[in-house]
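Here is a short briefing for a first look. Please keep the sequence and the 3D view open as you read.

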Amino acid sequence: MWESFGFEFVNFYFVPGIVLGCIYALGAIGITLTFGILRFANFAHGEVMMTGAYVTWTIMALTGALFGWALHPLIAAIPSVFLMILVFFVVDRFFYKPFRKAPTIKVVMASFGMMLVIRSLVQILWGPNQITFVKGIAKPNSFIRELTGSMDMMILVPNKHFLIMGGTVVIVMLLGYLLTYTRIGKAMRAVSDSPDLALVTGIDVEVVIRATWIVGGACAVAAGVFLATDIQMLETTMGFRMLLPMFAAAILGGIGKPYGAVLGGLVIGLAEELSSYPWIGDAPLLSPGYKSGVAFSIMIVMLIVRPSGIFKGRTF
Amino acid sequence: MDQLIGYFLYFCSLLAVGGIYSLIALGLNVQWGFAGLFNVGIAGFVSIGAYTYALLTTDTSPLHYGGLGLPLAVGIVAAMVASGLISAIIGVICIRLRSDYLAIATIGIAEIIKLVLKNNSEITNGPRGINKIPRLWENFTEERFYNDWPMSWFASAETWQSIFSSLPRWWWQPCFALSIIIAVYVVYRLLEKLRLSPWGRMMTAIRENEPAAHAAGKNVTGRRIEAFILGSMIMGLAGAVLAMHLRLIEPTNTFDPSKLTFLVWVMLIAGGSGNNRGAILGSFLIWVIWSASEIVINVGINVIDDFTNIHVGILSTRAGYLRMLLIGLLLQYILQKYPLGILPESRPTASSKT
């Protein structure tokens, strides 16, 4: 059973699917919060993810060259988070805030423009070519391999995948604490559920918006760094490639529902990887070239059947 | 003299590409300017038109499906129909939801179209693309065209050959540019007629006050889907013309969203959304700025090269991104300061006939 089916399925389809799902989930949290609280689809979100990864790499390279430190990506990501939150603040102040009272489509257009502005800025600064993020081949964790191997169900998971899955669990737990127990978190949920009612109860919407950018920015950088850790390189198009699955995850989970976004991200990630498993016969069910079409199909089906998503989010 | 001809031909190609952009912008104007539908998948609809035209009209080739060698007009009509069909499917699903969803869905469909074109190598020749696409006017000098009807009705192959050899090599260029301009004019006149018709006024009513239009018994969703399909059909037409102009199309670089989708949006917003004349003006204006900025940046790089020791290789590879950045900032500036564009929309008065 394990030899014929489980080994290949778990190691080459299921675990990568979960890992990809974690990355989508972290990105989709920011998208769903922005969509729920500021009421627009932020097309620039993927680019902020990508820029966060580039900044993290630069910090690693600079500290390596200047002080000879070999910083772990997660430590280098901390200053990058602050910088990206600052980027979100600046973009919001100069490009999104002027349209707060205007029809939302204006700010969607502005965010679409920002997507290209941020990307071309990164391409100017770092150049259009791929950059190696982490060198070397990721070997499977030997402890897990031997432990599961002795039980006749060998599981090959590289350390980077443990890092991504563990990091996502920690971030989602922190986010859960923030949204359930803190004042600002409750205010964010209130604005997302009903902005008018929130305003009446004296919630300062501008503070909530700032908190949204902070949470969204932190999650976006984490997603970007995890993605770069997973594929071990940096590309200027990697943010745009993530954008559609992240939107699909946000819509699947329900707009304005962070837990929905996490679930949606995991579902989309798994569906993308499992779609190329040879379910029938020996050939992949769906050619891997069409992987990114899976997220889109799920999104379209969801828009037809239940636009409010699994967790009954907002529809506009 | 040769230099003058060179300038003239450069002018022709500026006109041709500007005209293609004008067609796309006119199509977008129907969707955004008339109906308020936010389409960011322009590249996808244009590529559908271009590939349909290419597969139907090119000569038989072992590299991709067919090359059916059909008449050019059939290819153009089929390009419009194909683009319209795809947009009908998307429209029926997404238009009843808010504009953000349509934006996400259109950007998605553009990606899916790109995937399909890239992966179905036996039909589209995959990333290597389709070449030798027949171009209007120039195609008459090709053997399979003057040997076949309708050209063979008027003169024999030898006569055609001698006619073409007596003409300068570039004779088709001004004809091609002129044909595109005529196409732009025809589409413009038709759209103006449509704008002033009851249909166009209904579109404005729906865009400005949807509940009121709904209460007045107008089929809001139906009209929007119609506008979406019509706009995409014009984009399909533009795609066919683009395929003619380029003669070689492939899925990724030819239909780069930042150069098609984004640039066309800047053109329409700058020219004035809702105004057909504005769409054309914006297209030519932004296209000239875009082309001129390339020359200016290259001159700048040469100056840096002459007077300093800076290695200019990096500069010239990244200059294209600088242009993109500036155009992006230009869009933000126009959106905030001049949201109506150069030629603001003018509403037809109750009695106006023009």
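**A glycine in a loop**

B:Gly274 sits in the loop between α13 and α14 (276-307) of chain B. This is a predicted model. With 23 C-beta neighbours inside 10 Å, B:Gly274 counts as buried, because the cut-off for buried is 20 or more.

- Setting aside neighbours within four places in sequence, B:Gly274 is in contact with B:Gly33, B:Phe34 and B:Glu345.
- B:Gly274 and B:Ile20 are 254 residues apart along the chain. Their C-alpha atoms are separated by 19 Å.

**Confidence**

- The model scores ipTM 0.85 and pTM 0.89.
- Chain A has a mean pLDDT of 88, and 98% of its residues reach 70 or more.
- Chain B has a mean pLDDT of 87, and 98% of its residues reach 70 or more.
- Among the elements of chain A, helix α9 (residues 205-231) has the highest mean pLDDT, 93. Helix α5 (residues 142-150) of chain A has the lowest, 78.
- Where pLDDT is low, the predicted coordinates should not be read in detail.

**Where the chains meet**

- 32 residues of chain A are in contact with 31 residues of chain B.
- On the side of chain B that touches chain A, four helices each supply at least two residues: α3 (72-94), α4 (99-119), α13 (258-271) and α15 (312-337).
- α4(B) gives the most to this side, with 12 residues.
- By class, the residues on this side of chain B are 20 nonpolar, seven polar and four charged.

**Helices of chain B**

- α4(B) has 21 residues. From first C-alpha to last, α4(B) reaches 30 Å, close to the 30 Å expected at 1.5 Å a residue.
- α4(B) is mostly covered, with 15 of its 21 residues buried.
- Helix α2 (residues 42-57) of chain B has 16 residues, which should span 22 Å at 1.5 Å a residue. The end C-alpha atoms of α2(B) are 23 Å apart, which agrees.
- 16 of the 16 residues of α2(B) are buried, so this helix is largely enclosed by the rest of the structure.
- B:Leu330 lies in helix α15 of chain B. B:Leu330 counts as partly exposed, because it has 16 C-beta neighbours inside 10 Å.
- B:Leu330 and B:Val266 are 64 residues apart in sequence. In space they are 8.1 Å apart, C-alpha to C-alpha.

**Helices of chain A**

- Helix α11 (residues 258-274) of chain A has 17 residues, which should span 24 Å at 1.5 Å a residue. The end C-alpha atoms of α11(A) are 24 Å apart, which agrees.
- 14 of the 17 residues of α11(A) are buried, so the helix is largely enclosed by the rest of the structure.
- Two packed helices are described by the angle between their axes and the distance between the axes.
- Helix α6 (residues 159-181) and helix α7 (residues 183-193) of chain A pack at an angle of about 80 degrees, with their axes 5 Å apart. That angle makes α6(A) roughly perpendicular to α7(A).
- Which residues of α6(A) and α7(A) meet? A:Leu178, A:Leu179, A:Thr180 and A:Tyr181 come from α6(A). A:Gly185, A:Met188 and A:Arg189 come from α7(A).
- By class, this contact of α6(A) with α7(A) has four nonpolar, two polar and one charged residues.

Note on methods. Residues numbered from 1 in each chain as written. Chains lettered and ligands numbered in written order. Predicted model: local features only at pLDDT ≥ 70, side-chain atom pairs only at ≥ 80, totals over all residues. Expected span 1.5 Å × (residues − 1). Buried ≥ 20, exposed ≤ 12 C-beta atoms within 10 Å, placed from the backbone. Contact = placed C-beta atoms within 7 Å. Nonpolar A, V, L, I, M, F, W, Y, C, P; charged D, E, K, R; others polar. Axes fitted to C-alpha atoms, helices over the stretch in contact; angles between N-to-C directions. Parallel < 35°, antiparallel > 145°, perpendicular 65-115°, else oblique. pLDDT = per-residue confidence, 0-100.
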